[in-house]
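Please look through the model shown here with its sequence alongside. The paragraphs that follow lead from the aromatic rings to the strands, the helices and the loops.

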Amino acid sequence: DLAGIWVAKYEMSGEDASGKNIPEPGDISALTSDKKLVSKPGVQSWRDITIGNIYSICLSYATDKESHLMKNSEWGAIAYLTHSQYGRNGHEIAVNESKDFYTGGGTEEAYKTNTDQSSTGNVYGIYDLSGGAWEDVASYIPNDDHSLSDYGSSFATLTESTKYATVYPYDGDNDGRESNYNKYKESKETRYGDAILETSSSGSSKGSGANSWNQDASTFPFTDVPFFVRGGAYMNDFRAGMFFFGSNDGGKSIYYSFRTVLVL
């Protein structure tokens, strides 16, 4: 049981020792005095880093507070709180449409006018939950695809969940989007609270299909894209949103960022 969690207010970014934003911190596995991990508005988010290195630097951010890469369950907790009367009361948050991946929807203090992108509708909420960059989370299927070891070797080599990463079931006979989604639905390992099954009707959104709440898309991990991603990116329409879930291979990409969580 936890007293609670602290979730980064914005997608993570990097800064140097002087506190200046580093637009491209790089694909590193350890933080240094010249490459710090922060969550601040109006700066470019940290992207182009493999999910394994993301996992490692999130763990080292604040070990005394059990810092770690956000999991699906924690994303779900924020999504439900945002959707509830304590957040937006059913009103969908706006997409962060910054093509340059600025946190809070724009440079400097743009977040102050972009409160429609906030989880609470004011400056005190969580931003970048819809749009900005897709967000990697520490959740995956253990289907033995090479991506798990190529890009996620720091944590994605196990077949059972740990404290900081969640392993999902998949269909070993037919490793496809919908079959894996159905396997999860039928499995004894089925979980609720991660905003997957309870907010979607399918694990295979194709074309203009929008099978999650708020008309968001839903694509369950499969074959060579075994990792979950959440939130969607700035260029997405129905694919961007709190209830969007998709998949990727965990490799470097300028379109994927992440968020750190602390345990209280």
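Rings of Phe, Tyr and Trp (for Trp, its six-membered ring) are said to pair if their centres lie within 6.5 Å, and a pair counts as stacked with planes under 30 degrees apart, as edge-to-face over 60 and as tilted for the rest. A search of the whole structure finds 22 aromatic pairs. In one of them the ring centres of Phe220 and Phe228 are 5.2 Å apart and the planes stand at 80°, so this pair is edge-to-face. This is a predicted model, in which local features need pLDDT of at least 70 and side-chain atom pairs count only at pLDDT 80 or more, while totals for chains, interfaces and linings use all residues. Residues are numbered from 1 along each chain as its sequence is written, and side-chain values use heavy atoms, with hydrogens and water left out.

Buried means under 20% relative accessible area, exposed means over 50%, and partly exposed lies in between (1.4 Å probe, protein chains only). Phe220 counts as buried because its relative accessibility is 0%, and Phe228 counts as buried because its relative accessibility is 0%. Ring pairs link Phe220 and Phe228 with Tyr168, Tyr181, Tyr184 and Phe245 into a cluster. Over the ring of Tyr168 sits the charged end of Arg191, 5.2 Å from the ring centre; for this, NZ of Lys or CZ of Arg must be within 6 Å of the ring centre and within 35 degrees of the ring normal.

Next come the strands and helices, which are DSSP runs numbered from the N terminus (helices are H or I with at least four residues, strands E with at least two). Two strands pair if DSSP finds at least two bridges between them. Strand S8 (residues 227–231) and S9 run antiparallel and are joined by five bridges, with Phe227 standing opposite Asn248 in S9. Strand S9 (residues 241–248) is mostly covered, as eight of its eight residues are buried.

Elsewhere, three strands in the order S1-S11-S5 form an open sheet with antiparallel pairing. Its edge strands are S1 (5–7) and S5, each of which pairs on one side only. Two bridges hold the antiparallel pairing of S5 and S11, and Leu69 stands opposite Thr260 in S11.

Turning to the helices, H1 (residues 51–61) has among its buried residues Ile51, Ile54, Tyr55 and Cys58. The buried residues of H1 are covered by elements including strand S4 (36–38), strand S6 (134–140), helix H3 (146–152) and S8. In H2, which has twelve residues, the distance from the first C-alpha to the last is 16 Å, close to the 16 Å expected at 1.5 Å a residue; the expected span is 1.5 Å times one less than the number of residues. Its buried residues include Trp75, Ile78 and Ala79, and S1, S5, S6, S8, S9 and S11 are among what covers the buried residues of H2.

Two loop residues remain. Ser45 lies in the loop between S4 and H1 and is buried, because its relative accessible area is 0%. Contact means heavy atoms within 4.5 Å, and, leaving aside neighbours within four places in sequence, Ser45 is in contact with residues including Glu11, Phe101 and Ser257. Tyr127, in the loop between helix H2 (72–83) and S6, is likewise buried, with a relative accessible area of 0%.
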